[in-house]
Amino acid sequence: MSVVIVNPSSAGGSTGEAWPQIASDLRAEFGAFRPLFTKKRGDAAALASEAARKGEKLIIACGGDGTVSEVANGILSSGKDVELGILPSGTGGDFRRTLEIPSKSRAAAKVLSTGRTVKIDVGRVSFVDHKGNEAMRYFVGVASCGMSTKVIERVKKDGISFAASLLQTAVRTTPTRLVVQLDDSHERNLAVLNYCVANARYFGGGMKIAPDAKLTDGKFDVVGVGDLSVLKIFTSAPRVYTGSHLSMPEVSHALARKITVRPHDRTAEVALEVDGELPGRLPATFQIVPKALRVRTR
């Protein structure tokens, strides 16, 4: 019997309220399952790791991108060959968009029942956590620094949408100065509004930040958004949702397997975003781990 790890607090608590209907849809399309409920941050990873070590072959994450990422981390840290399933019920839903998994629970449950299995790449990032210690975690979607961290902080604090937070944050944003190295190339100094290391295509609640990203090519898509005026941020915002921003002269795009990023000013604290969460700060090193995770998709 497969395990479903449920984050009842996701989507502002609406997952917990909707769980009876979600469970009914899952049972009708997928069959029997065993639910495990999280109580705090980190529980999903711990529950997934324990379930994997006990021999579960399919672990389903029910929640948003943070829950999916935690469950993936639990599976990967266990060292077991376990498949990840996704039952979306969260704020962003960016990773399921790349996999083209439906947002409705009944349709997503059908994918879990009849879908195919693919082996996807994951990212591994080393960084500095909030206590000042070196830390490491995996990510399946996008990691970033710059304006995105302030947008997410505002979303979590004020409970507003990503789009609304983006517009509010843009008015107060100044460029972030970084030193970046892609693979074995020379270090480069950059001034960016946002810098993204993308395994998947979407982040920020539907922004198609890396429209060409592939989960199976063994490379990150690295997207840097340069110093834009407030007016240009407002007028260009729709292009990020359609994925047409890569043609802008202020936007850079490259492919790489390893990226190191640090603040230009070594005393500056630059926050890091990973799969929609804010686990710490730069400096950070990102490495691709090819075909590391099995995922059920349509």
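Val 179 in the predicted model stands opposite Arg 262 of strand β12. The strand that pairs with β12 through five bridges is β8 (residues 176-182), and β12 itself covers residues 258-263. The two strands run antiparallel. Pairing here requires at least two bridges between two strands as found by DSSP; strands are DSSP runs of E with at least two residues, helices are runs of H or I with at least four, and both are numbered from the N terminus. Strand β12 is also joined to β14 (residues 277-297), by four bridges and again in an antiparallel arrangement. Within β14, Phe 286 is the bridge partner of Ile 259.

The model is a prediction in which local features need pLDDT of at least 70 and side-chain atom pairs count only at pLDDT 80 or more, whereas totals for chains, interfaces and linings use all residues. Residues are numbered from 1 along each chain as its sequence is written, and side-chain values use heavy atoms, with hydrogens and water left out.

Leu 282 and Pro 283 are joined by a cis peptide bond with omega of about 5°, and Pro 283 is located in β14. Lys 291, likewise placed in β14, has a positive phi of about 50° although it is not a glycine. With a relative accessibility of 43%, Lys 291 counts as partly exposed, the class between buried (under 20% relative accessible area) and exposed (over 50%), for a 1.4 Å probe and protein chains only. A positive phi, near 60°, is also found at Glu 100, a residue other than glycine. Glu 100 belongs to the loop between α4 (94-99) and α5 (105-114).

Packing of two helices is described by the angle between their axes and the distance between the axes. For α6 (residues 147-158) and α7 (residues 162-170), the angle is about 120° and the axes are 9 Å apart. Axes are lines fitted to C-alpha atoms, for helices over the stretch in contact, and angles run from 0 to 180 degrees between N-to-C directions. Helices α6 and α7 are therefore oblique to each other, given that angles under 35 degrees count as roughly parallel, over 145 as roughly antiparallel, 65 to 115 as roughly perpendicular and the rest as oblique. In the contact (heavy atoms within 4.5 Å), Met 147, Lys 150, Val 151, Ile 152, Arg 154 and Val 155 of α6 meet Phe 162, Ser 165, Leu 166, Gln 168, Thr 169 and Ala 170 of α7.
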